[in-house]
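Take a look at the fold below. Follow the chain with your eye before you read on.

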Amino acid sequence: MPLVSFVIPCYRSEHTIRSVVDEVRRTMPTLPDYDYEIILVNDCSPDGTFAVLRQLAEEDGRITAVDLAKNFGQHAALMAGFHHCAGDIVVCLDDDGQTPADEVGKLLEKLEEGYDVVYASYDHKQHARWRNLGTRINNRATEIMLGKPKELSIPSYLAARRFIIDEMLSYTHCYPYVDGLILRTTRNICNVPVHHRAREEGESGYTLVKLISLWMNGFTSFSVKPLRLASYCGAAAALAGFVYAIVIIVKHFVDPEIPVGWSSMMALQLVLGGIILLVLGLAGEYIGRIYMCINASPQYVERQVVRKKD
């Protein structure tokens, strides 16, 4: 019987995670062809989340609770969960109840058709407008930087075969990005429609700054296209400067009395200076990540793991 591992990163979910786990418990008996386990990873939540996870693990032998020593982020928490799961299929869920665990059968059915990874897709996301806009921008950027198929949606609710997870676990650097690891492993991916729920309580742990940091992580860790784009911008600026210099020379010979434009020169310097700083900053981002990887900065650090005692 195939084992399904539910990996759920938890942050500020003291009041919601139990209902998510209960939904998994209610749903899986309706899928008699599968057994299941649940891996709950506390990403150093400042509330009482881990106390709830500990209680769940001590009550149910199917549940493992992992406590991280500090907040490493959702994708690092997922990687920590992957190291503890033994399933033939791994399902990633959110801890706030927005991803419908009772529709996991749709993802599993699609996997049985031969796909390696199945992502959920939502007709209407129950997020703030700026989050939905950010998702659209991220999808477009992922298409360009990581080669994501245009029609593919990549939310946090997904099911993947074991060999995909094993390949992801071979990535040991300190900047994991789950979607990037999946896209570099396989293109045999599809979507299945599910219903996206409103948040039960609280608000997302992702701020605008954290989302930008996540996007930068994905693009700089798994693609050199940002550097290539910076090179193109530098070449375009150099070409524009060369053309502008020719225009100035021609104007000088046509009408020698035209005064040299201080404003235009300052504008040109500001544009070129901005592009130079942008390229240097982008190169510095790559160099900094190389430095952190060479120093073997950890993806995550586990404080403790709790399972039910026999």
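Helices α1 and α2 cross in a right-handed way. A crossing is right-handed if the near helix is turned clockwise from the far one by less than a right angle, and left-handed if anticlockwise. Helices here are DSSP runs of H or I with at least four residues, strands are E runs of at least two, and both are numbered from the N terminus.

This is a predicted model, where local features need pLDDT of at least 70 and side-chain atom pairs count only at pLDDT 80 or more, while totals for chains, interfaces and linings use all residues. Residues are numbered from 1 along each chain as its sequence is written, and side-chain values use heavy atoms, with hydrogens and water left out.

Back to the crossing. Two packed helices are described by the angle between their axes and the distance between the axes. The axes of α1 and α2 cross at roughly 30° and come within 10 Å. Axes are lines fitted to C-alpha atoms, for helices over the stretch in contact, and the angles run from 0 to 180 degrees between N-to-C directions. The two helices, α1 and α2, are therefore roughly parallel to each other. The cut-offs are these: under 35 degrees is roughly parallel, over 145 roughly antiparallel, 65 to 115 roughly perpendicular, and the rest oblique.

Which residues of α1 and α2 make the contact? From α1 come I17, R18, V21 and R25; from α2 come V52, L53, Q55, L56 and E59. Contact means heavy atoms within 4.5 Å. By class, this contact of α1 with α2 has five nonpolar, one polar and three charged residues. Ala, Val, Leu, Ile, Met, Phe, Trp, Tyr, Cys and Pro count as nonpolar; Asp, Glu, Lys and Arg count as charged; the others, Gly among them, count as polar.

**A second pair of helices**

Now find α6 (residues 162–169) and α7 (residues 178–185). They pack at an angle of about 115°, with their axes 10 Å apart. That makes α6 roughly perpendicular to α7. The crossing of α6 and α7 is right-handed. In α6, I164, E167 and M168 meet V178, L181, I182 and T185 of α7. By class, the contact of α6 with α7 has five nonpolar, one polar and one charged residues.

**Charged pairs**

Side chains of opposite charge can pair when their charged atoms come close. A salt bridge is a side-chain nitrogen of Lys or Arg within 4 Å of a carboxyl oxygen of Asp or Glu. How many salt bridges does this rule give? The count comes to nine.

Start in α1 (residues 17–27), where D22 and R25 sit three residues apart, about one turn of the helix. Their closest N and O atoms are 3.0 Å apart, in a salt bridge. D22 counts as partly exposed at 26% relative accessibility, and R25 counts as partly exposed at 23%. Buried means under 20% relative accessible area, exposed over 50%, and partly exposed in between, with a 1.4 Å probe and protein chains only. D22 and R25 also join D60 in a network of salt bridges.

Helix α2 holds another pair. R54 and E58 lie four residues apart there, about one turn of the helix. Their salt bridge spans 3.9 Å, N to O.

D35 and R62 also form a salt bridge, with the closest N and O atoms 2.4 Å apart. This pair links distant parts of the chain, 27 residues apart: D35 is in strand β2 (residues 35–42), and R62 is in the loop between α2 (49–59) and β3 (63–68). D35 counts as partly exposed at 29%, and R62 does so at 34%.

**Inside, outside and the whole**

Is helix α3 (residues 74–84) mostly covered or mostly uncovered? Mostly covered: eight of its eleven residues are buried. Among them are H75, L78, M79 and F82.

Two loop residues have a backbone feature to note. R12 has a positive phi of about 55° although it is not a glycine. R12 lies in the loop between β1 (3–10) and α1, and is exposed at 53% relative accessible area. C44, in the loop between β2 and α2, has a positive phi near 50° and is not a glycine either.

Step back now. The protein has ten helices and eight strands. Of its 310 residues, 44% are buried. Among contacts between residues at least 6 apart in sequence, 86% join residues at least 24 apart.
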